[in-house]
Amino acid sequence: MLKIPRTLLLRWTVRAALIVVLLYLYPYFTRVIHLKNFYLNLNQDGSFMTALFKSLAFATISSLAIGFFSLSIAFRLSAITPAGYKGKLLGLLMLPCLLGNVGTAFIWKLLLQDYPFFFKNPGTNFLAMLLVQFWQYGTLFIYLFWLNIHEVDKRVLHYGTTIRLTKKESFRDLYLPACRNLLLLLLGLQFIFSFYEETKLQYIFRSSRGTGAELISQWLHRTYNSDTLINSKYAFGHVTFASLVAVISIVLLLVVLILLANRLYQWYSGNRSVGGRKKMSPAKPVHPAAVSAGLFFFVLVILLPIIYATVRYYHYVPHPVMPLLNTFIHSLAAAGCATLFSVVFSIAARAGWPKILDHFNRRSLFFLILIFSLQLIPPIVLLASGYEWMKSISGTSQFYRSVIWVVGQMVLSFPLLASFSLFMHFNIENRDLNYLNSQRASVFEIARTLFWGPMKGRYLLTLLIAFSLIWNEDVLNSILSDTVPSFISHLQRVITGRMTDYAAGVEYLLVSVFLAASAVATWIYLTSKKNQFDGKFIVTGYPI
Amino acid sequence: MKKISQQFIAIIISGIILLMSCNGNRTNEKTTITIIGENTANIQSLMTLKEDYESSHSSIDLVFKPETFDDAFQKTNSDFQNKTGIYDIVMQYNFSLSTFVRNDYVYTLQDLLKNKHNPDTSFEKDIFPDTWKSVGYYYNSDNHDSIVKVGYPFAANTMLLMYNKQMFEDSANKAAFQKKYGTPLSMPTTWVEFQYLANFFTNREKGTYGVCLEGAAGGFLYYEWLNYLNGQGGRVLDKHYGWEGDSNTKVLLNSASAVDALTYFTGLKPFNNGNFTDVEQFKKLTLMKEGKTAMAFAWDDVIVSSLKSATGFDNRFGFSPIPGDHSFIGGGAFFISKQSKHPGEAMDFILYAMQKANQVKLARNGLSSPLISTYEDSIVASYPHSLALKHSLMRGGIYPEAGPDSKMIDEVLTNYVQKTWSGVYKPAKAIELATDEIITNRKTIFEAIKEK
């Protein structure tokens with residue numbers, strides 16, 4: 001029997017997974033081949049290029065500001081240890097992200113609508129959006145950086161204290177290297193989220209071409225709707241071409257941004273004059289009161305908008321609430337499958353390309369862009385592609401369509417989960433991989449020893465993020481809402497349109513908050529039980 | 001390892017069983033009729049007929065799918081384009097007429113009724129004529145010289161002048177108005193009076209405003225502004241009903257009337273309550289309910305859901321037709337998909353819903369009925385907006401665009417009106433640029449249609 005080399009097997013596993021994911025875009029790729037004449041009409045009224053430039057500008061500013069600001073806050077909160085109650089409370093920083101785009105848009109709509117300042121002009125719109133983006137994503141980034149900071153080897157930190165490093169030197173030489181990969185990942189993610197921002201801008205500000213706050217995703221969406229009156233095929237063709245231009249732009253600028261950030265990092269960490277030693281005094285420990293104040297400030301920042309929305313707009317009115325159990329079970333199943341798929345993929349990738357995927361570099365950047373390719377596609381194209389796939393599943397049984405829903409969610413959540421897992425696996429040392437390979441350990445043993453063992457906690461976090469992504473996802477949930485009732489579609493129905501009812505909206509929001517809070521509580525409970533986030537496996541076989 | 005494999009397999013099997021249990025009954029002897037529409041008072045009131053209809057038609061199961069406007073629009077078009085036949089009855093607005101008929105997605109009434117034995121269509125002569133012609137007629141796809149009836153209207157919608165009764169009936173206001181203008185304070189019947197009243201009621205120190213205008217994109221500003229455009233004698237295209245026209249239809253927008261309308265509209269800015277660009281119908285009614293704004297144009301189909309509670313209507317507000325001689329005619333029609341497996345049964349339900357007795361039931365539950373006689377029902381007539389609604393629907397005269405270029409025209413006009421409001425353009429320049437853009441884009445759209 002032909003014995004397939006292990007590395008080859010792992011690499012083909014990865015390639016097969018990528019092909020399955022990209023298969024979702026098959027309708028899109030077939031359209032790309034048949035483009036004609038759309039380029040002539042693309043920027044007829046100038047609105048396409050305006051929207052594109054604004055998206056690129058907003059994405060750049062948002063990602064740099066939120067990325068670096070979150071890192072600096074995490075560093076200032078580093079005195080908080082994971083073991084204590086403050087460390088557990090910090091888990092609340094995950095809450096806003098787990099509410100999703102629609103939930104966040106609803107909260108901030110209620111908060112901002114009475115303040116005309118934010119509606120004055122596009123500048124104030126985008127300023128408010130920066131705050132909203134920070135609330136939704138920046139808080140999660142702070143938490144992830146904080147977790148990462150506590151991954152730094154304690155022996156190294158003791159050494160830093162012994163040689164009396166200043167605060168800035170500690171940050172530059174000890175903590176920043178540990179956060180580099182995560183920083184670049186989060187910069188990229190925030191860039192993509194902001195580039196394709198539509199839901200919050202639309203819902204909070206009713207952004208439009210006329211108000212000067214229209215971004216590219218909204219341009220594509222309204223063009224698609226407008227062209228649908230000709231017919232859907234024409235509409236898909238038109239946005240296919242426009243989205244191709246958008247994707248090329250975002251890839252180019254994303255690569256530039258990440259390389260620039262990486263260069264900036266190299267300059268900063270190599271620059272000995274930064275954090276200079278004019279004063280030969282070591283870093284003073286942060287006053288506990290200051291740390292507590294910082295912690296409680298952020299907890300308030302997270303909770304106050306939710307409390308305000310509830311207190312101001314909620315009153316009990318009996319009305320039918322959608323049955324949630326069906327959606328919950330489907331979402332849980334899909335989250336489990338998506339996490340497993342992404343983790344297996346990233347393990348196979350890490351083990352199959354050990355020299356490329358052991359740290360962030362130009363070659364691993366290319367790999368990441370390939371994974372991100374689905375995330376780089378505009379939401380309206382994902383929606384239109386999904387409707388094309390409906391042809392193949394119409395007339396099938398309800399169970400089959402449920403399975404398709406689960407598979408579709410796995411595919412759509414794959415870019416984020418797989419890239420997150422891949423970055424986690426940068427922590428795995430090549431020497432450990434080589435050691436186990438030399439001992440002829442099976443793939444399963446390698447996975448269990450090097451990956452599953454030390455990273456169980458992080459896989460749990462991935463599962464929680466997967467559940468939130470799927471629960472709040474609004475493309476596939478909308479297409480297949482006849483198969484799996486969509487929580488987000490129900491929420492959108494009561495917070496927009498002619499039957500708007502803010503009280504009902506707050507009820508649905510509280511369900512989201514409850515689920516998000518439960519996920520956070522689960523995470524805090526399980527991680528505090530183990531009293532550690534990850535262990536490390538070194539060549540000698542003794543965990544640290 | 002064996003234990004982990006067993007655990008893993010057990011989890012997978014449990015997951016499959018759970019998924020299967022979520023999928024309900026798989027065997028269903030009944031004929032299912034699926035109805036999709038935007039989640040409004042229209043579909044919500046129609047859903048109140050479900051129990052009665054199913055009890056008298058035991059082999060029928062009605063499934064309603066109220067969706068957001070976007071979802072209803074995209075799902076419908078996807079279903080028709082891909083011929084998936086998921087939806088039997090589609091409740092869509094008149095701008096979908098062109099797409100549905102041109103692409104042969106839906107049956108005409110003639111197709112559906114010819115297979116019926118003595119269908120009761122006596123209600124047809126009771127439909128507001130302007131409404132039906134505006135939302136349910138279209139060119140015969142084979143012959144543009146003749147018209148066919150494509151669908152019955154599911155509602156008759158218009159915009160009404162909503163006013164704050166307390167502000168109009170306040171004796172101090174009455175005396176002040178009489179002193180300032182020399183005439184009694186009353187509802188505006190002309191656009192000049194409307195402007196005077198907007199000015200009169202605005203007092204920034206007291207926090208009161210004359211008007212609340214819808215300035216949000218997404219159709220809200222477009223429909224709002226059309227009232228003003230027509231009020232000054234302006235038009236967008238040289239045709240009568242919105243669905244009429246073709247590539248040769250003349251664009252009439254660039255006129256003195258349109259410039260006057262835009263000047264008039266932006267001239268109301270000092271009297272306006274709200275942020276304008278984020279105000280849609282719900283926000284507008286919320287601002288009106290604060291009790292500090294004198295007048296606004298309100299869609300009839302949000303009045304009941306916004307102002308009616310278990311104890312009755314919010315009696316702080318009165319309604320009248322908008323100033324001038326014409327009123328907006330909007331709404332949508334029932335369309336039956338050509339991919340429907342049960343077009344006959346679908347038509348039966350529509351005929352049932354259109355009977356006068358059922359229209360009265362629906363109107364009592366919030367529907368703006370397309371039948372004239374519905375408004376003679378004592379309960380429906382007691383609603384504060386009923387008389388104004390009936391009067392507005394009878395007079396008609398303002399028809400929004402409903403051709404394949406309708407959304408494009410909506411977006412272009414919204415863009416330039418918003419920019420004029422914020423001072424980027426002067427009204428004359430805005431109208432000129434909007435006209436040029438509409439002409440250019442119409443060429444592109446009709447060329448694309450020809451190619452298909």
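A salt bridge is here a side-chain nitrogen of Lys or Arg within 4 Å of a carboxyl oxygen of Asp or Glu. The model is predicted, so that local features need pLDDT of at least 70 and side-chain atom pairs count only at pLDDT 80 or more, whereas totals for chains, interfaces and linings use all residues. Residues are numbered from 1 along each chain as its sequence is written, and side-chain values use heavy atoms, without hydrogens and water.

**View 1. The interface between chain B and chain A.** Five salt bridges are counted between chain B and chain A, among them that of B:Lys65 with A:Asp482, whose closest N and O atoms are 3.5 Å apart. The contact (heavy atoms within 4.5 Å) takes 67 residues from chain B and 57 residues from chain A. The buried area, the accessible area (1.4 Å probe) lost by both parts on being put together and summed over both, is about 5,500 Å², with carbon and sulfur atoms giving 55%.

**View 2. Helices α10 and α18 of chain A.** Helix α10 (residues 167–195) and helix α18 (residues 398–424), both of chain A, pack at an angle of about 165° with their axes 10 Å apart; helices are DSSP runs (H or I, at least four residues) numbered from the N terminus, and axes are lines fitted to C-alpha atoms over the stretch in contact, with angles running from 0 to 180 degrees between N-to-C directions. α10(A) is therefore roughly antiparallel to α18(A), the term used for angles over 145 degrees. The contact includes A:Leu185 and A:Phe193 of α10(A) and A:Leu416 and A:Phe420 of α18(A).

Methods: Chains lettered and ligands numbered in written order. Buried area = accessible area lost by both parts, 1.4 Å probe. Helix = DSSP H or I, 4+ residues; strand = E, 2+ residues; numbered from the N terminus. Parallel < 35°, antiparallel > 145°, perpendicular 65-115°, else oblique.
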